[in-house]
Amino acid sequence: MRIIHLADIHYGINRHSRMDARESLPEITLLCEDYLSRVVKYAVDNDADFFLICGDVFHSSNPTTTLMKRFAKILKPLIDKGIQIIMIAGNHDLPKHEARSSPVDLFSTIAEIFAEGAKTFINTASEKPEHVELESKRGEKARFYLLPYVHPMKAVKVFEKGEEKAQMNSESIRKIWEDVITEQIGRFVTRGAKLGKADASILCCHLTTSNAVMGELDLLVSAFDEALPISVLQKDSFDYVALGHAHRHQVVNHYPPAVYSGSIHHVSFNEEGEEKGFIDLTIENGETTWKFIKLDVREYTTIRVDAVGSNNPSDDIIREIEKIRSQDVRRIAGAVIRLIVKIEAESLKYVNYDRIYGSLKDASFCLKPDFEIVGEEKQDLSIPEELGPIQALREYLESKKLDKEEVNAILTLGEEIIREVEERG
């Protein structure tokens with residue numbers, strides 16, 4: 001059987017993007033639709049059995065109806081081709097209030113809108129872990145264990161359903177979260193043993209493993225940034241562990257393969273230079289093989305220029321831009337550009353912004369140049385682009401020498417505020 005594994009679409013993100021006047025949507029939304037459509041086309045062209053999205057389907061837990069309709073339209077060719085869709089919720093998909101539904105769940109309740117009488121259907125998990133038994137086009141039994149994102153504080157609530165009260169400190173919360181996840185995976189293993197052997201058993205998670213390399217948006221999730229020991233995933237019961245949450249494609253375990261597909265596009269300079277794509281997975285007669293399929297996506301490019309002592313800093317900047325363009329045009333054309341210029345204060349008046357931006361007219365988006373003033377000693381209050389808001393807040397609080405528990409409490413509140421701002425676009 002053939003499975004397409006992807007994650008971290010972040011559909012609806014509005015970052016480093018101009019508005020498209022024709023569609024009245026951010027250009028990054030249209031790019032994201034293009035990237036996802038390419039993955040869907042690959043699945044259709046290669047007659048896949050399942051299309052698996054491991055969390056952060058949307059960037060907000062409350063996407064507009066316009067986005068929901070457009071997203072459904074992109075997925076429709078899968079349903080028409082008999083390819084079953086499985087989705088789990090990531091941190092960005094989950095509402096702050098438990099009474100509200102995740103947009104991921106909506107697709108399983110309105111699956112009939114895709115095609116009348118369709119034999120295939122959509123399976124999702126957001127509020128709690130799920131286990132589904134499905135059949136491939138050839139009648140093979142596929143077993144999917146779905147573990148959506150679990151916030152550390154939700155793990156505490158699960159723990160406190162017993163009589164014991166949790167101690168609210170970072171180490172206690174970390175241990176509770178780890179125990180809750182470990183116990184759930186253990187229940188999956190036990191359930192699989194009772195049900196008997198399937199032709200393919202896939203564990204699907206949205207979480208951080210202890211050996212994963214994480215990025216800016218990955219760390220925005222939680223002030224506590226919990227990580228699961230990789231040993232918890234090393235179970236013979238699974239043929240493959242499909243992971244989402246880390247935006248960098250990486251293999252964190254070999255037997256069974258535990259793989260982050262990575263995000264399907266760049267979302268920050270922290271991901272500059274990373275390849276983006278998805279996984280083409282095949283499980284046949286107990287043998288698991290997979291390959292990473294690279295997508296050609298919008299690049300992020302940092303251009304560093306030393307204009308110290310220059311009589312014409314604009315020429316220096318444009319020269320460096322053209323040098324990079326000649327090496328790889330994709331790093332300029334259609335890219336997000338960040339200029340970091342080392343310069344003397346008295347030379348700033350010679351910077352010609354019109355010429356600089358004119359040389360970047362084929363770029364997708366240009367940040368305001370960041371000038372590093374030589375010889376100027378002052379406190380830098382700016383937040384580097386590659387540093388996320390939660391990380392910036394963390395560094396500030398740590399510089400104030402606050403108690404660790406105070407830092408975690410403030411970060412938790414900060415996370416809620418930042419997520420609310422993100423959701424408002």
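This is a predicted model: local features need pLDDT of at least 70, side-chain atom pairs count only at pLDDT 80 or more; totals for chains, interfaces and linings use all residues.

Modeller: Let us begin with a pair of strands. His131 has Tyr145 in E8 as its bridge partner. Strands (E, at least two residues) and helices (H or I, at least four) are DSSP runs numbered from the N terminus, and two strands pair if DSSP finds at least two bridges between them. Here strand E7 (residues 130-135) and strand E8 (residues 141-147) are paired antiparallel over six bridges.

Colleague: How many residues lie between E7 and E8 in the hairpin?

Modeller: Five residues separate E7 from E8 in this hairpin, and Gly139 in the turn has a positive phi of about 85 degrees.

Colleague: How many helices and strands does the protein have?

Modeller: The secondary structure comprises ten helices and 18 strands. Contact means heavy atoms within 4.5 Å; among contacts between residues at least 6 apart in sequence, 71% join residues at least 24 apart.

Colleague: How should I read burial, and what share of the residues is buried?

Modeller: Buried means under 20% relative accessible area, exposed over 50%, and partly exposed in between, with a 1.4 Å probe and protein chains only. Of the 425 residues in the protein, 52% are buried.

Colleague: What is a nonpolar core, and which residues of the largest one touch the most other members?

Modeller: A nonpolar core is a set of buried Ala, Val, Leu, Ile, Met, Phe, Trp, Tyr and Cys residues joined through side-chain atoms within 4.5 Å. The largest has 37 residues, of which Ile4, Leu6, Ile9, Phe51, Phe71 and Leu78 touch the most other members. At least two residues of this core come from each of strand E1 (2-6), helix H1 (27-45), strand E4 (50-54), H2, strand E5 (84-88) and E14. H1 provides the largest share, eight residues. Leaving out residues up to four places away in sequence, Leu78 touches Val40, Ala43, Val44, Phe51, Ile83 and Ile85. There is also a second, separate core of 28 residues, including Ile173, Ile185, Leu228 and Val252.

Colleague: How many salt bridges does the structure hold?

Modeller: Side chains of opposite charge can pair when their charged atoms come close. A salt bridge is a side-chain nitrogen of Lys or Arg within 4 Å of a carboxyl oxygen of Asp or Glu, and the structure holds 23 of them. One of these joins the side chains of Arg70 and Glu23 (3.2 Å, N to O). Because Arg70 lies in helix H2 (residues 65-80) and Glu23 in the loop between strand E2 (19-20) and strand E3 (25-26), the pair ties together parts that are 47 residues apart in sequence. Arg70 is partly exposed at 22% relative accessibility, and Glu23 is partly exposed at 38%.

Colleague: Are Lys276 and Glu274 buried or exposed?

Modeller: Both Lys276 and Glu274 are buried, and their side chains meet in a salt bridge (3.1 Å, N to O). Salt bridges with shared partners connect Arg248, Glu271, Glu274 and Lys276 into one network.

Colleague: Where is Glu274 placed, and why does Glu274 count as buried?

Modeller: Glu274 is in the loop between strand E12 (258-260) and strand E13 (276-284), and Glu274 counts as buried because its relative accessibility is 14%. Not counting residues up to four places away in sequence, Glu274 touches His247, Arg248 and His266.

Colleague: Which residue does the side chain of Ser364 join through a polar contact?

Modeller: A polar contact is a pair of N or O atoms within 3.5 Å; within protein, one must be able to donate a hydrogen and the other to accept it, and residues adjacent in sequence count only if both atoms are side-chain atoms. The side chain of Ser364 makes such a contact, of 3.1 Å, with that of Arg298. Ser364 is in the loop between helix H8 (353-359) and strand E17 (365-366), and is buried at 8% relative accessibility.

How values were computed. Residues are numbered from 1 along each chain as its sequence is written. Side-chain values use heavy atoms; hydrogens and water are left out.
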